[in-house]
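Please keep the viewer open as you read.

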Number of protein chains: 2
Amino acid sequence: MSMNLSPTLETHKHVLIRALAVKDQALLDERLPEIRSADLAEILDQLIEDDDLATALALFACLPIERKASVFGHIPSDGQERLSASIGDGDLVRILDRMGSDERADVFKLFDDDRKEALLRRMAHREREALKRLASYEEGTAGALMTSDYVAIPSGLTVAQAIMRVRQTAPDAETVYQIYVIDNQGCLIGTMSLRQLMVARPQALIDDLMIHDVIKIGVEAEQEEVARVVARYDLLALPVIDAEQRLIGIVTHDDAMDVVETEATEDIHKGMSIGQLKDGVSRVPLWSLYRKRVTWLVLLVFGNLFSGAGIAYFEDTIAAQVSLVFFLPLLIGSGGNAGAQAATLMVRGMATGDVGVKDWGKLLGRELLVAGSLGLTMALAVAPIGVMRGGDAIAIVVAISMVSIVLFGSLLGMCLPFVLNRLGWDPATASAPLVTTLIDASGVIIYFSIATAVLAGI
Amino acid sequence: MSMNLSPTLETHKHVLIRALAVKDQALLDERLPEIRSADLAEILDQLIEDDDLATALALFACLPIERKASVFGHIPSDGQERLSASIGDGDLVRILDRMGSDERADVFKLFDDDRKEALLRRMAHREREALKRLASYEEGTAGALMTSDYVAIPSGLTVAQAIMRVRQTAPDAETVYQIYVIDNQGCLIGTMSLRQLMVARPQALIDDLMIHDVIKIGVEAEQEEVARVVARYDLLALPVIDAEQRLIGIVTHDDAMDVVETEATEDIHKGMSIGQLKDGVSRVPLWSLYRKRVTWLVLLVFGNLFSGAGIAYFEDTIAAQVSLVFFLPLLIGSGGNAGAQAATLMVRGMATGDVGVKDWGKLLGRELLVAGSLGLTMALAVAPIGVMRGGDAIAIVVAISMVSIVLFGSLLGMCLPFVLNRLGWDPATASAPLVTTLIDASGVIIYFSIATAVLAGI
């Protein structure tokens, strides 16, 4: 959600606020239904962000109950938390009641135990149990993502009977376009699309038409895996089963799409050694932003000390040829850049499934060729400057160092994600800051070792 | 697509290859239907990758024509190109004929003009025109993403008539779950979901029930925008209109989801100054990988020369206090890391819509506070080492420099994406390598200026 509304939404917002101020109920009744729920949620969220909770509540109060549920579901959790604090238990239960079961569980998790108890007491027994169960799954798993509002029919129905069931369930189900068939134990035994149902003979048996080999996922599966399966098989919804193969929910395509975006943001942040943020950078508390950035920054300070130690070790070589220092940032910087590129290509390839652990050998060969060419190109670019600033000997040292450091850096960057993966770590820990710090230290040693060797030989 | 098959697919592949070798048609007929099209496509693609085109063709030949179309659509474009080179025009047209119109257009773009002509000659007039039109849209736009297989009905039908239309169109349409209503000119005037249709009275008029304010997008819109609209409003499909408001296609949820993943990969690569790759890192040609990486690496070599020049300029200060060099990598490295973090947070925030240009002021304030705290923390971490290695004066210089460089680097990293955006550039050009190179050069100057000032004062 943006802190900036689009011009259209900005106009809507001003009209609504004015209408509220002059108590023009007719204008409110005309305008509010025209604004889509996702957009109205954004307007409310911005009002809450700007600490104008009173206006947000007044606008929210104008909505019919179904609309309240739909709009509330689109508000980010931060805003939901602040808004619901000013809504009575009775009203809140009526709103929750009309939300999808997955959204309801997400909202429910925001409350403290007292409020949870108070809300649960007002719910019907069946809903209470369903909510408790959905809210119990760990964040980031299929269980936390799924909804329990799906169409499941028993084995043995005809097409006509199944269509009747779909009609009855239509108002509540998250999607009616995929129907799941379960046996007496609640186990998933088949699936059929509404499209297939509609073109089938009404007297035909579902069991004769359905697909038996259903694509499904376990409730403990990670959300990346859920999104990958949905994308790979172009699914509208992915059924979720428990350890006993019982159907307990579905993850719909829109929720899977949100996961792809969230995971990408997480990976991009990890690539710069930034921890997982709970919200957008413009909304997350400052203290949390500090904490998510500081850990690796401080760790890398100590990593960088090795580069300093390397420089100190070669003090004699440097004193003999001060012009060597001129090329230091350039050489270690170039190695760091090439290495960070190589690491990023591998980490993203592993995240999207393009690169597997077994590809390591082939990719190493490819990286050798590419990095070698990159090093040579950069050496050619820098050699003339070497001649100008320090003469032929320096130019030779700088050119050889460039090839060596770029090659070493690229191979290090390429291999690190595989090594981390082997050790059971997240390959994305091979972030640009970590890779460049490692290459800085190694680059200092490589450069001055070559310099010492070449210059001693002259 | 992975170069590594999962163990299940590996087993399938071996069984299939063995069955082919011993000409066991019965086994092939039993196994092939059990493998999902996406999975079979991956097996074929791996065979093609491994230059075993003959086996891939033999397996492909065993499939019924409908299955051929579905499997072929799942093969990456590289593999499609190589496979189709060995398929006759007649067979290829029959396969293309059964593919979705969007996939067909993508395949068609792979061929040279001669083959395009030959294929077009074998198609029916109407299909030929549709294909030419779809293949003409620029890559990365709504037009290139859309399919022309949707359900459009004229204004004035009853619910029962509309359901009949859906039944008739079901075998060909990409999705039948959203129905679009058009007027005499072909303009989009309303939409209705199949779910709503199914629960409505059969005699009711569509025009009375449909939503008039349809969420739609122009054919020229960028694919990021398409994906954002689909995600924001949780759509199954997004209708695409031309300049005259005529409905010309729809983009389905699964294609929008693929865009989110592709765009994320592109952004992650851009964050390391890697150009846009046409395929996964394990598949893209080496020459292309070299080209996409070398441009910025060489440009940054020259950027890094400024750091060298800075060092040369302060040669006297360095000569007087050689221990200063010990802290150089650490200071500019830390500034670079903090700056790259800040830039990445902004670039990703802008890409997901969380951060807008107008937020600049507020975010600058936040970054000042966070970066200040980060700088102080890192200064505290490094000060004791300053005392140990060079005494109190050096410790003071290093601590002040750390705060200054981290603060300056973070603000530079944060502001650069906004400045680039203002200049009409892609904010993602503010990559980690560019930001760290800029901060390296500035860091050298900040550090040695502070050192010169403080040490001269002693």
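The report below takes up the chain pairing, then the salt bridges, then the cavities and a pocket.

This is a predicted model, in which local features need pLDDT of at least 70, side-chain atom pairs count only at pLDDT 80 or more, and totals for chains, interfaces and linings use all residues. Residues are numbered from 1 along each chain as its sequence is written, chains are lettered from A and ligands numbered from 1 in the order in which they are written, and side-chain values use heavy atoms, with hydrogens and water left out.

**How the chains meet**

Chain B superposes on chain A by a rotation of 180° with 0.0 Å of shift along its axis, at an RMSD of 0.1 Å. The superposition is by least squares on the C-alpha atoms of residues with pLDDT of at least 70 in both copies. The two copies are thus related as by a two-fold rotation axis.

In the interface, 124 residues of chain B are in contact with 125 residues of chain A, where contact means heavy atoms within 4.5 Å. Since 100% of the interface residues of chain B are also interface residues in chain A, the copies meet through the same surface. About 10,600 Å² is buried between chain B and chain A, and carbon and sulfur atoms give 63% of that area. Buried area is the accessible area (1.4 Å probe) that two parts lose on being put together, summed over both.

**Salt bridges**

A salt bridge here is a side-chain nitrogen of Lys or Arg within 4 Å of a carboxyl oxygen of Asp or Glu. Over all chains there are 33 salt bridges, and nine are found across the interface of chain B and chain A. The side chains of A:R36 and B:D213 form a salt bridge at 3.3 Å, N to O.

A:R98 and A:E66 also pair through their side chains, at 3.4 Å, N to O. A:R98 sits in the loop between α7 (89-97) and α8 (101-108) of chain A and A:E66 in helix α5 (residues 65-74) of chain A, so this pair ties together parts that are 32 residues apart in sequence. Helices (H or I, at least four residues) and strands (E, at least two) are DSSP runs, numbered from the N terminus.

On a 1 Å grid over the protein atoms alone, a cavity is a set of points where a 1.4 Å probe fits but cannot get out; a pocket is an open set with protein on both sides within 12 Å along at least five of seven lines; lining residues have an atom within 4 Å of a point. Grid points are joined across faces, edges and corners, and a volume is the space filled by probe spheres set on the points.

The structure holds seven cavities of 30 Å³ or more.

| Space | Volume | Lining residues |
|---|---|---|
| Largest cavity | about 320 Å³ | 27 residues |
| Second largest cavity | about 210 Å³ | 18 residues |
| Second largest pocket | about 320 Å³ | 20 residues |

Among the residues closest to the centre of the largest cavity are A:I268 and B:I268. α19(A) gives the most to this lining, with six residues. The lining of the largest cavity divides into 17 nonpolar, six polar and four charged residues, where Ala, Val, Leu, Ile, Met, Phe, Trp, Tyr, Cys and Pro count as nonpolar, Asp, Glu, Lys and Arg as charged, and the others, Gly among them, as polar.

For the second largest cavity, the lining has four nonpolar, twelve polar and two charged residues.
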